[in-house]
Amino acid sequence: MRASLTGSAPQLATSRPSVDPEADSAAPRPTASHFASADSPSVYWRFYWAVAAAQLTRWLPREPGRLLDLSGPGFRGSSRAVAAGHDVVALLPSVDAAPKRTLNLVNEHAPVRRNRRPGRLRSVVGDSTLLSGFASEVFDGVIADNRVLSQHLVTEASLTEIARVLRPGGRTLLCVDSVVLGMAVLAEQDCWPELSYAPNADVLLVPWPDGAITRCFTGEQLGELLTEAGLELEWIKPRTVLSASTVEKVLGDNPRALNRLVEMELKAADSGDDVSMHLLASARKPG
């Protein structure tokens, strides 16, 4: 059965976690919508992006290559790839979407390569859904982080385009919303009839409080889409498994524990359990 869940959604009140350890104990738990507010300066999102940086560094090709970054201006991975020696083409939605300032603080468990000349970063404006401005088989890697493919509701078409622009042997790294997150958002909005169909839906489209709609996936569905696009699945793992309340409690008690917490997260994510708010996947083009 194919179920597409769309519609309007009431506004949800989300609280910003306090940096005061004593206030943290009384702070309300973050809602599911908290996990789509990646621009939030909260403690959890500082941890989240440190984990994302470490995961990207692990994934980057060993030899310098040409990469395409579809993740948008809110993603800071392009500068990390450039520092590792890769030439990166960052696709932006408009000329006003300038990349954010590069952070100098790098998690010590995800070091950039210091013995390599930095690559080049080139920003171009284009549609990240249809990559018609790029020739076929011109990139060694495509990065589609920051949930960008969940925002492309016809994800099949986007993955076909990614496969087209990849050179044989090229790889893609992508991050999407999971069905776990979608069900949590539906539950918060009292969408109980829709929620009952969600676990078995072939296509799960979830409305967010800000009016946006995203597509959510199980690990199995994501793997099938990658295979149908002509890519060989390497792995699927959770972006994070530690809860926001755990992260905020630990870092509230000891702000210097970030590196240790990231290391714990990376080991936990390697367990292969795909029960997570966001799923991370890597796939390779045969050849």
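Helices (H or I, at least four residues) and strands (E, at least two) are DSSP runs, numbered from the N terminus. The structure is a predicted model, in which local features need pLDDT of at least 70 and side-chain atom pairs count only at pLDDT 80 or more, while totals for chains, interfaces and linings use all residues. Residues are numbered from 1 along each chain as its sequence is written, and side-chain values use heavy atoms, with hydrogens and water left out.

- V88 is part of strand β2, which covers residues 87–92, and V88 counts as buried because its relative accessibility is 2% (buried means under 20% relative accessible area, exposed over 50%, partly exposed in between, with a 1.4 Å probe and protein chains only).
- Leaving aside residues up to four places away in sequence, V88 is in contact (heavy atoms within 4.5 Å) with L67, D69, S78, A81, V82, R120, L121 and R122.
- From V88 to G77 the C-alpha to C-alpha distance is 10.0 Å, and the two are 11 residues apart in sequence.

**Loop residues with positive phi**

- Most residues other than glycine have a negative phi.
- N146, although it is not a glycine, has a positive phi of about 60 degrees; N146 sits in the loop between β4 (139–144) and α4 (148–151), and counts as buried because its relative accessibility is 18%.
- D190, also a residue other than glycine, has a positive phi near 60 degrees; D190 is found in the loop between α6 (179–188) and α7 (192–197), and is exposed, with a relative accessible area of 53%.
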